[in-house]
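Student: I have a protein chain on my screen. Can we go through it together, piece by piece?

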Amino acid sequence: MAKEIKVLVTGAAGQIGYSLVFPIANGDVFGKDQPVHVVLLDIPQMIEAVKGVVLELQDCALPSLKNITATSDVQEAFTDIDYAILVGAMPRRQGMERKDLLKANAKIFEQQGKALDTYSKKTVKVLVVGNPANTNCLIAATCAPSIPKKNFTCLTRLDHNRAKAQIAGRLGITANCVENAIIWGNHSSTQYPDVSHASVKIGDKPKQSVVEAVKDDAWLNGDFITTVQKRGAAIIEARKLSSAMSAAKAICDHIRDWHFGTPAGQWTSMGIYSTGKFYEIAENLIYSMPVYIDDQGCYKVEDGLSISDASRARMDATANELLAERNDAFTFLQGQSS
Ligand code: NAI
């Protein structure tokens with residue numbers, strides 16, 4: 001039998017945590033034959049609720065679940081993990097400015113970055129979900145200098161899936177027929193959902209570009225983009241809660257592809273550490289880009305795409321927002337330590 005994979009989920013008592021632990025323990029991410037040790041971390045006030053999640057997980061009698069740990073102890077949670085799915089974060093409360101949210105979360109991700117550095121395997125793969133996800137991810141990566149920066153990613157797969165679903169809905173097909181959408185930049189309303197390189201397969205017809213299939217540039221450059229950018233807010237408005245089922249599904253897609261690789265000829269979108277070498281995006285940002293992943297879990301940026309002037313402007317706008325967030329977060333962290 002394969003050696004067990006130890007997977008940490010933080011914020012395990014929250015809404016996403018509740019939807020996420022089932023597919024992981026059910027073998028939907030790492031395969032049915034792969035035993036997993038699920039580690040659930042939440043703050044001390046929530047530990048009773050986490051224990052309830054443990055009871056339910058046990059009662060599911062799942063094929064891949066070998067072990068469960070529920071804890072509010074950071075050292076216990078981060079020790080020897082293979083995957084860290086960092087969902088837990090301070091929610092934005094009424095009257096809170098974006099900067100206040102950034103500050104509250106900067107502290108959490110500083111602590112968790114240090115814990116990764118000290119207690120986790122150097123090969124640990126990290127996915128940051130808690131918002132602001134890109135900047136939280138950069139903080140964690142910076143505070144974990146002994147772990148390669150390429151091991152730090154943030155979730156933009158939900159946005160990627162939303163883009164595919166919008167195109168599919170427009171064409172009356174299912175979302176799996178849409179390939180190679182891209183989310184550029186920040187997981188925020190400045191993100192740039194780009195389908196100018198995407199393709200679709202409709203019935204028996206040969207594959208064609210999304211632009212040819214949709215035949216409506218005004219929609220593709222207008223409502224399509226804003227719908228994807230504002231989808232999170234639309235869900236909050238309707239549910240009075242942020243997306244959880246679709247976020248958990250996207251997390252599973254992200255980790256499954258990072259573990260097994262992307263399908264042949266298809267890239268996906270991930271927030272990755274920008275080295276400054278791709279698409280003129282500044283170094284030292286976590287920026288979402290198109291990546292291919294091989295069956296060893298190594299990813300490579302698709303770096304040969306032509307970028308129109310309109311795309312360039314949108315890519316730069318979201319990069320500028322990330323630069324400002326980085327500045328605010330690190331100014332705060334430096335002020336705190338001096
Ligand atoms: P939630 O509020 O239901 O749960 C968050 C959980 O995190 C709570 O149980 C809380 O106690 C816990 N937590 C807070 N601080 C913690 C810490 N220091 N260590 C461990 N646990 C901690 O929130 P929900 O709906 O599960 O969302 C979680 C995060 O994911 C939010 O920041 C949300 O904005 C973000 N999100 C990101 C998406 C993306 O695509 N990147 C999509 C949807 C949500």
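Student: Which residues in α1 meet which residues in α11?
Tutor: Keep in mind that this is a predicted model. Start with the α1 side, where Ile-16, Ser-19, Leu-20 and Pro-23 make the contact. Across from them, the residues in α11 are Met-245, Ala-247, Ala-248, Ile-251 and Cys-252.

Student: How many nonpolar residues does the contact of α1 with α11 have?
Tutor: Sort the residues by class. No charged residue takes part. One residue is polar. The nonpolar count is eight.

Student: Are α1 and α11 roughly parallel or oblique to each other?
Tutor: Two packed helices are described by the angle between their axes and the distance between the axes. Here the axes of α1 and α11 come within 8 Å and cross at roughly 40°. Angles under 35 degrees count as roughly parallel. The pair is therefore classed as oblique.

Student: Is the crossing of α1 and α11 left-handed or right-handed?
Tutor: The angle of roughly 40° is one part of the description. Handedness is another part. For α1 and α11, the crossing is right-handed.

Student: What is the orientation of α6 to α11?
Tutor: Helix α6 covers residues 157-171. The axes of α6 and α11 come within 8 Å and cross at roughly 105°. Angles from 65 to 115 degrees count as roughly perpendicular. So α6 to α11 is roughly perpendicular.

Student: Which residues of α6 and α11 make that contact?
Tutor: By class, the contact of α6 with α11 holds three nonpolar, three polar and two charged residues. From α11 come Ser-246, Ala-247, Ala-250, Asp-253 and His-254. From α6 come Arg-157, Leu-158 and Asn-161.

Student: At what angle do the axes of α4 and α5 cross?
Tutor: Helix α4 spans residues 98-119. Its axis and that of α5 come within 7 Å. The crossing is right-handed. The angle is roughly 35°.

Student: How many charged residues are in the contact of α4 with α5?
Tutor: The α4 side includes Leu-102, Phe-109 and Glu-110. The α5 side includes Thr-135 and Ile-139. By class, seven residues are nonpolar and six are polar. The charged count is one.

Student: Which domains does the domain assignment of the chain give?
Tutor: The centres of the two are separated by 24 Å, taken over C-alpha atoms. The assignment gives residues 5-154 to one and 157-322 to the other. These are domain 1 and domain 2.

Student: Which element gives the largest share of the side of domain 1 that touches domain 2?
Tutor: In this contact, 25 residues of domain 1 touch 22 residues of domain 2. On the domain 1 side, α1, β4, β5, α5 and β6 each supply at least two residues. The largest share is six residues, and it comes from α5.

Student: Which are the edge strands of the open sheet of nine strands?
Tutor: The order is β3-β2-β1-β4-β5-β6-β12-β13-β14, with mixed pairing. The twist averages 30° from one strand to the next. An edge strand pairs on one side only. That picks out β3 and β14.

Student: What is the bridge partner of Leu-86 in β5?
Tutor: Look at β4 and β5, which run parallel. Four bridges join them. In β5, the partner of Leu-86 is Val-128.

Student: What is the bridge partner of Val-200 in β11?
Tutor: Move to the open sheet of three strands, with the order β7-β10-β11 and antiparallel pairing. Strands β10 and β11 pair over two bridges. In β11, the partner of Val-200 is Gln-208.

Student: Is the peptide bond from Asn-131 to Pro-132 cis or trans?
Tutor: Most peptide bonds are trans. Pro-132 sits in the loop between β5 and α5. The bond from Asn-131 to Pro-132 has omega near -5°. This bond is cis.

Student: What is the phi of Lys-240?
Tutor: Most residues other than glycine have a negative phi. Lys-240 lies in the loop between α10 and α11. Lys-240 is not a glycine, yet its phi is positive, at about 65°.

Notes. Residues numbered from 1 in each chain as written. Predicted model: local features only at pLDDT ≥ 70, side-chain atom pairs only at ≥ 80, totals over all residues. Domains from an automatic or database assignment. Contact = placed C-beta atoms within 7 Å. Pairing = 2+ DSSP bridges. Axes fitted to C-alpha atoms, helices over the stretch in contact; angles between N-to-C directions. Parallel < 35°, antiparallel > 145°, perpendicular 65-115°, else oblique. Left-handed = near helix turned anticlockwise from the far one by under 90°. Nonpolar A, V, L, I, M, F, W, Y, C, P; charged D, E, K, R; others polar.
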